[in-house]
Amino acid sequence: SLPAASGLAEMGAHWIHGPSPGNPVFCLASRYGLLGPEAAREENQQVEAGGHPPMPSVTYGSSGKVLSPTAVREARDLFYALLASTRAFQGSKEPPWPSVGQYVRAEIARTVPTMAKGQEDARRLQLAVLAACLKLECCISGTHSMDLVALEPFGEYVSLPGLDCTFPGGYSSLSERLLSDLPEGTVLLNKAVKTIQWQGSFREEGDDARVFPVRVECEDGDVFLADHVIITVPLGFLKEHHQEFFQPPLPKRKAEAIRHLGFGTNNKIFLEFEQPFWEPQQQLLEVVWEDESPLEEPSTDLEANWFKKLIGFVVLQPPEQHGHVLCGFIAGKESEYMETLSDAEVLSAMTRVLRTMTGNPNLPAPRSVLRSRWHSAPYTRGSYSYVAVGSSGDDIDVLAQPLPEDPRDPRPLQLLFAGEATHRTFYSTTHGALLSGWREAERLNQLFQA
């Protein structure tokens, strides 16, 4: 959470997804009194949003007009029905397509003749809305294309009930509260790790020195010896560096799981305005490019078209706290290209998009821009994981397995693995990351109690 405008900008996690008793992030936040009164309402905790929270929204077309809510709803209902139908392939030996994207597009192609009662203009509009739905799904899955997301295991992901909510004091208010319970000096920040040596015999200085199996060397030269290390670095970092990061290298099975699982980029672009051009009740401004269709190949010209991957803007609530701020979401290669541009170039592109969609060439430009750059960040190299074509939930379990692999090893649990990419049903979420950390802590508890 960074200070921005008159409020906070969440550069990373934004919402508690599924704030209900089964969500440990929600339970902790409730216990610490970090949530607003709406989040605590029982009826809000029981809403089944299926990972697509309903928000009062307006959908703009690239022709500069607000699109018919009925046409948008019809297309979206079809899309969500198709997404729900992917669950039928869980455990299937021969799914009809390798990826979610291919399956959804094939089903859309099948329904085209019956769409919009055969009216050509209305049908074209519904296809454009469906293309926008696929882009939104790319943001949710943290992928460049749903063609990269495996169909068979897609249904293993679990969405918790509850209307997604935010932290009034920023998401980091939770980690700050957790840190305040720890003795001072327990957590060292800005201590980048260079290598983790394991299965060794490392001694501390002194006559009666203990021997440790693990040696952690930091980039600044500091060294820590340990019996156990819990590794929570993002999968994107492991993909690029696991071969030199671990000595000896990880077993082949684990290295393959790291290679097979997907890890993509989802970024945010915050725009601050002097005055809102949207209505007070609107919480989501969606963008549909009316000449697009999920049945046509998208343009690969990033320079000319990167901004078309943007799904729209969430209005930061409440304006009394945040000022008049929109938060845009954009995923994939286009999102990574955006990171290479200057603030001025991003601001200019966003101004053009807003003027195009509202049909107002004189719409005032935002007065400031702030964006995340998760792909460029050296220790993340993206945002979060997904189960890619060629991988399965089994790869997540392999990634989560501690090392050494032999349970009879006299020095067990030298390397333990946590983080969102190691949770089979809650990958990509903060609650998945939290539960994975508790899982590994419990592994050590069991060892010490044995």
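Modeller: Start with burial: buried means under 20% relative accessible area, exposed means over 50%, and partly exposed is in between, using a 1.4 Å probe and protein chains only. Arg-124, for one, counts as partly exposed because its relative accessibility is 44%. Keep in mind that this is a predicted model, so local features need pLDDT of at least 70 and side-chain atom pairs count only at pLDDT 80 or more, whereas totals for chains, interfaces and linings use all residues. Residues are numbered from 1 along each chain as its sequence is written, and side-chain values use heavy atoms, with hydrogens and water left out.

Colleague: What share of the 450 residues is buried? And how many helices and strands are there?

Modeller: Buried residues come to 47% of the 450 in the chain. Helices (H or I, at least four residues) and strands (E, at least two) are DSSP runs, numbered from the N terminus; here you get 15 helices and 18 strands. The radius of gyration is taken over C-alpha atoms, and the globule rule is 2.2 Å times the number of residues to the power 0.38. The chain comes out at 24 Å, close to the 22 Å from the rule for 450 residues, so it is as compact as a globular protein of that length. Along the principal axes, the C-alpha atoms fill a box of roughly 85 × 55 × 45 Å.

Colleague: How do I read strand pairing? Which strands pair with S13?

Modeller: Two strands pair if DSSP finds at least two bridges between them. S13 pairs with S3 (residues 57-61) in the parallel sense over five bridges, and Gly-61 stands opposite Val-288. S13 also pairs with S14 (residues 312-315), in the antiparallel sense over three bridges; there, Leu-284 has Val-314 as its bridge partner.

Colleague: Is S13 (residues 284-288) enclosed or open, then, and why?

Modeller: Largely enclosed by the rest of the structure, because five of its five residues are buried. Both faces are covered: Leu-284, Glu-286 and Val-288 sit on one side, Leu-285 and Val-287 on the other.

Colleague: Salt bridges next. How many does a search of the whole structure find?

Modeller: The criterion is a side-chain nitrogen of Lys or Arg within 4 Å of a carboxyl oxygen of Asp or Glu, and the search turns up 28. Take Arg-105 and Asp-147, whose side chains meet at 2.7 Å, N to O. Arg-105 is in helix H5 (residues 100-111) and Asp-147 in the loop between H6 and H7, so the pair ties together parts 42 residues apart in sequence. Then there is Lys-135 with Glu-292, where the closest N and O atoms are 2.6 Å apart. Lys-135 lies in H6 and Glu-292 in the loop between S13 and H10, so this pair links parts 157 residues apart in sequence. Lys-135 counts as buried, at 12% relative accessibility.

Colleague: Last one: which residues make the nonpolar surface patch of about 380 Å²?

Modeller: Leu-179, Leu-182, Val-187 and Leu-189. Patch residues have over 30% relative accessible area and no salt bridge, with like charges joined within 9 Å and nonpolar side chains (Val, Leu, Ile, Met, Phe, Trp, Tyr) within 5 Å; the areas come from the Shrake-Rupley method. Val-187, in the loop between H7 and S4, is partly exposed at 42%.

Note on methods. Accessible areas come from the Shrake-Rupley method with a 1.4 Å probe; for residues, only the protein chains shown count as cover.
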